[in-house]
Amino acid sequence: MPGNLEPLDLGIQIPYHFRCPISLELMSDPVTISTGQTYDRTSIESWIAMGNTTCPVTRLSFSDFTLIPNHTLRRLIQEWCVANRSNGVERIPTPKQPADPISVRSLLSQASAISGTHVSVRSRAAAIRRLRGLARDSEKNRVLIAAHNAKEILINILFSDVDAGKSSSSPSSSPYPSSELVTESVALLVIFHLTETECVSIASDLGRVKFITRLLFDSLIDNRVNAAALIEMVLTGVKSHDLKLMISGSDSVFEGVLDLLKNPNSSSRRALKIGIKSVFALCLVKQSRHLAVSAGVPAVLIDRLAADFDRCDTERGLATVELLCRLPEGCAAFSEHALTVDFLVKTILRVSERATEYAAGALLALCTAEERCREEAVTVGLVTQLLLLVQSDCTERAKRKAQMLLKLLRDSWPENNLGNSDEFGRSEVAPF
């Protein structure tokens, strides 16, 4: 029984016909099957998913697997919940109805129709908007929509002008493609998981790549965020290094994605999350990291990471920092930021094992390249953090990085600091 109905154990009797015959719990979304029996949707769907083809109550075979919402019974259950509110019963919410194949096919047909014939651009966009609402409702809806070739249809709609040879080849040209149809298409497309074939169909076409890059500079923030999300999905989905380089090998793509992290107008949680994921995916392409540095990624990353980020975003951000610290110009850029060393030291052992490993790796690169980074790291307490790290249950790679850092920092330790302490004597760092 749902948690909000626990007080019913005090003596409130649930009417028999309000209980699901399978779970014996109060139904929140009653549906009727072909045998005339009513069950809670979740229970009967699980029953069918297990391979059962007979009604649990009557044992009659299903003539079909259609589930018909029993709105009358649901309203009666809701009224009963309201009547018993004083006893701790909460009203069950009105469930969102799942998409049906006929409606999905009709909407996709409307969306893919040629504008100017029997449908307008606005009605096509409205169909995609309706599909997006269904896709957001449940994973089941997304699977159903994708099964009707929706992703290929959306890709064709999104890049229709490019494929027709009408799109400008300049990433910075104006006006930007902010039509309602483009906005709705890219917003729905990024909800799905793209296969490698679908990612290749985008990454292998230079015109399509430039089109997405132009969207990063669109006047609508939603288009910019969704374009960055699509870039991250395609970069992650393709295996070919040449295709990855085709997407990441321009200054424009870094400038557009970076704007999501530094622009006050795009400070929503989703924009920041997509920005971090996209920058990380771009920096995984080794030949493109110098573009990230020249675009100003190091300073923006440290500014944002020092603010409020959840664990996954912080891990990706720190991984990006470590990747860029493998370049001399990357180390120089990070060392010039006043918060870099202090932030990295404070991150150790405070976020996650991965975050600790990435922070230690970045500090190792910075301290190897810059003497002043070594001095600052010791001043803000890195030695103590490293001694704790090598005795912790962190990853072996993190411990190796910590040991290398301790050896590197030995000349920067104050004479009266940790050299003779009990803490140092118990550490796993080998004598120098």
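Predicted model: local features only at pLDDT ≥ 70, side-chain atom pairs only at ≥ 80, totals over all residues.
Two residues are in contact when heavy atoms of theirs lie within 4.5 Å. Leaving aside neighbours within four places in sequence, Ile68 is in contact with Pro30, Val31 and Thr32. Pro30 and Ile68 are 38 residues apart in sequence, yet their C-alpha atoms are 8.6 Å apart in space. Is Ile68 buried or exposed? Ile68 counts as exposed, because its relative accessibility is 51% and the cut-off for exposed is over 50%.

Strands of a sheet pair through backbone hydrogen bonds, either parallel or antiparallel. Here, 3 strands form an open sheet in the order β2-β1-β3, with antiparallel pairing. Which strands are at the edges? They are β2 (38–40) and β3, each of which pairs on one side only. Strand β1 (residues 30–32) is joined to β3 by 2 bridges, and the two run antiparallel.

Helix α1 takes us on to charged side chains. Side chains of opposite charge can pair when their charged atoms come close. Glu45 forms a salt bridge with Arg41, and their closest N and O atoms are 3.9 Å apart. Why are these two residues separated by about one helical turn? The reason is that Glu45 and Arg41 are 4 residues apart in helix α1 (residues 41–49). Arg41 counts as buried because its relative accessibility is 9%, below the cut-off of 20%. Glu45, at 23% relative accessibility, counts as partly exposed.

Other salt bridges reach across the chain. The side chains of Asp259 and Arg224 meet in one of them, at 3.8 Å from N to O. Asp259 lies in helix α13 (residues 251–262) and Arg224 in helix α11 (residues 221–237), so this pair ties together parts that are 35 residues apart in sequence. Arg224 counts as buried, with 10% relative accessibility.

Another salt bridge brings together the side chains of Glu357 and Lys401, at 3.9 Å from N to O. This pair links distant parts of the chain, with Glu357 in helix α20 (residues 353–369) and Lys401 in helix α23 (residues 396–409), 44 residues apart. Both ends are buried: Glu357 has a relative accessible area of 5%, and Lys401 has one of 15%. Salt bridges can also share partners, and in this way Asp29, Arg41, Glu45 and Lys140 are joined into one network. How many salt bridges are there by this rule? The count comes to 18.

Now step back to the whole protein. There are 24 helices and 3 strands. Of its 432 residues, 47% count as buried. The protein exposes about 21100 Å², and carbon and sulfur atoms supply 51% of that area. Finally, return to the idea of contact: among contacts between residues at least 6 apart in sequence, 67% join residues at least 24 apart. The contact between Ile68 and Pro30, where you began, joins residues 38 apart in sequence.

Note on methods
Residues numbered from 1 in each chain as written. Heavy atoms only, no water. Buried < 20%, exposed > 50% of the residue type's maximum accessible area, 1.4 Å probe, protein only. Salt bridge = Lys/Arg side-chain N within 4 Å of Asp/Glu carboxyl O. Areas by Shrake-Rupley, 256 points an atom, 1.4 Å probe, with all protein chains shown as cover. Pairing = 2+ DSSP bridges.
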